[in-house]
Amino acid sequence: MTNNENVLAQHSHTCGIACLGPLTFHPGAVGKKITLSHGGCRASRDLETFQNGLVFSSRPIRLKEKVHFRVERTLLAWHGAVRIGFTNVCPTTGPLPSLAVPDLTNKPGYAAFAVPHKDCTPGTTVTFWMSSDGRLCYKTSTRTHGWVQTDLDLTQPLWAIFDVYGQSTTVLLLGSETGHLFRRTSCPLPRSTFECGYEETPPELQRRLEMAQKNIEQCLEDQGNNPCRPGSSAEDLCSVCLQEEARLALRCGHRCLCLPCANRVFAEFGTCPLCRQSI
């Protein structure tokens with residue numbers, strides 16, 4: 001029996017041979033701005049911030065066990081959406097960082113990526129799993145899908161990672177399932193009547209975002225109002241989302257932010273993400 005099987009056995013449940021056991025968010029590993037409810041299956045992040053929304057599965061996930069969750073609430077004032085992944089590291093090991101990407105993914109034993117925000121509208125169901133060859137796979141009810149290759153140790157326990165990030169403010173863990181001919185599922189969840197939809201931007205956040213936009217416009221004016229450069233390389237990517245081209249040069253001289261992330265950084269931190277100099 002592998003270490004993964006040993007740990008899974010400790011989380012066994014007796015409600016039937018087709019039951020995978022209960023599956024909730026881990027109560028001992030919750031981001032600073034997250035509130036758990038609905039029996040530990042709903043995770044809601046404070047609307048005033050886009051970060052500190054990490055949560056994990058309450059137990060290790062089997063290979064090819066498909067984890068399902070629903071995006072319930074969205075706040076369009078932020079940019080980006082929920083991140084998903086897996087880790088070999090027990091979620092209660094040490095303090096949690098503010099972000100899955102890149103804070104966790106820069107460490108060994110973690111793999112995660114961002115679900116496109118266009119596929120995370122309220123009511124969307126996201127399913128993800130680890131394949132037997134180490135691929136982190138996902139699909140959504142909007143019929144998008146994808147995968148990334150990981151280097152995680154598949155003989156060790158794998159906990160699911162959820163980062164309730166950016167526009168995604170509330171998610172509901174729906175459970176999990178394995179198999180095709182013989183289907184097994186996690187324990188059923190309490191019935192939910194929670195309404196999916198969009199959040200109103202809090203007044204204080206709106207004020208901070210408006211101030212951030214003015215600062216961004218000033219930075220663009222300072223650099224000649226020409227933020228775009230032909231072509232981009234890995235070194236040119238935004239240091240926050242690691243996806244879009246870094247187009248904004250800060251007063252400290254670092255060109256390290258795309259325009260959507262600049263709005264968040266100006267509103268949330270007010271410092272350069274590289275040198276921490278005030279912006």
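Visitor: Let's start with Glu65: is that residue buried or exposed?

Guide: Buried, because its relative accessible area is 0%, under the 20% cut-off. Keep in mind that we're looking at a predicted model.

Visitor: Which residue forms a salt bridge with Glu65, and how far apart are the closest N and O atoms?

Guide: Here's the general idea: side chains of opposite charge can pair when their charged atoms come close. In this structure, Glu65 pairs with Arg62, with 3.9 Å between the closest N and O atoms. The cut-off is 4 Å, so that pair counts. Arg62 comes out as partly exposed, at 23% relative accessibility.

Visitor: And how many salt bridges does the structure hold?

Guide: Ten. One of them joins the side chains of Glu177 and Arg183, at 2.7 Å from N to O. Arg42, Arg70 and Glu72 go beyond a simple pair: salt bridges link them in a network.

Visitor: What about Arg73: which residue does it form a salt bridge with?

Guide: Glu199, with the closest N and O atoms 3.3 Å apart. This pair connects distant parts of the chain, 126 residues apart: Arg73 sits in strand E5, while Glu199 is in the loop between strand E14 (197–198) and helix H3 (203–222). Arg73 counts as buried because its relative accessibility is 15%, whereas Glu199 is partly exposed at 25%.

Visitor: What else does the side chain of Arg73 reach?

Guide: The backbone oxygen of Tyr198, at 3.1 Å. If you set aside neighbours within four places in sequence, the contacts of Arg73 include Gln167, Ser168, Thr169 and Thr170, along with Phe194, Cys196 and Gly197. On the strand side of the picture, E5 covers residues 66–74.

Visitor: Now for sheets. What is the order of the strands in the open sheet of five?

Guide: In general, strands of a sheet pair through backbone hydrogen bonds, either parallel or antiparallel. Here the order is E1-E4-E11-E6-E7, and the pairing is antiparallel. At the edges you'll find strand E1 (25–30) and strand E7 (110–114), each pairing on one side only. From one strand to the next, the twist averages 25°. Zoom in on E6 (residues 83–87) and E7, and you'll see five bridges joining them. Phe86 stands opposite Ala111 in E7.

Visitor: Last, the backbone. Which residues have a positive phi although they are not glycine?

Guide: Take Lys64, with a phi of about 70°, and Arg276, at about 65°. Lys64 lies in the loop between strand E4 (54–57) and E5, and Arg276 is in the segment after helix H4 (259–268). Lys64 is exposed at 52% relative accessibility, and so is Arg276, at 58%.

Visitor: And is the peptide bond from Val101 to Pro102 cis or trans?

Guide: It's cis, with omega near 10°. You'll find Pro102 in helix H2 (residues 100–104).

How values were computed:
Residues are numbered from 1 along each chain as its sequence is written. This is a predicted model: local features need pLDDT of at least 70, side-chain atom pairs count only at pLDDT 80 or more; totals for chains, interfaces and linings use all residues. Side-chain values use heavy atoms; hydrogens and water are left out. Helices (H or I, at least four residues) and strands (E, at least two) are DSSP runs, numbered from the N terminus. A polar contact is a pair of N or O atoms within 3.5 Å; within protein, one must be able to donate a hydrogen and the other to accept it, and residues adjacent in sequence count only if both atoms are side-chain atoms. Contact means heavy atoms within 4.5 Å. Buried means under 20% relative accessible area, exposed over 50%, partly exposed in between (1.4 Å probe, protein chains only). Two strands pair if DSSP finds at least two bridges between them. Axes are lines fitted to C-alpha atoms, for helices over the stretch in contact, and angles run from 0 to 180 degrees between N-to-C directions.
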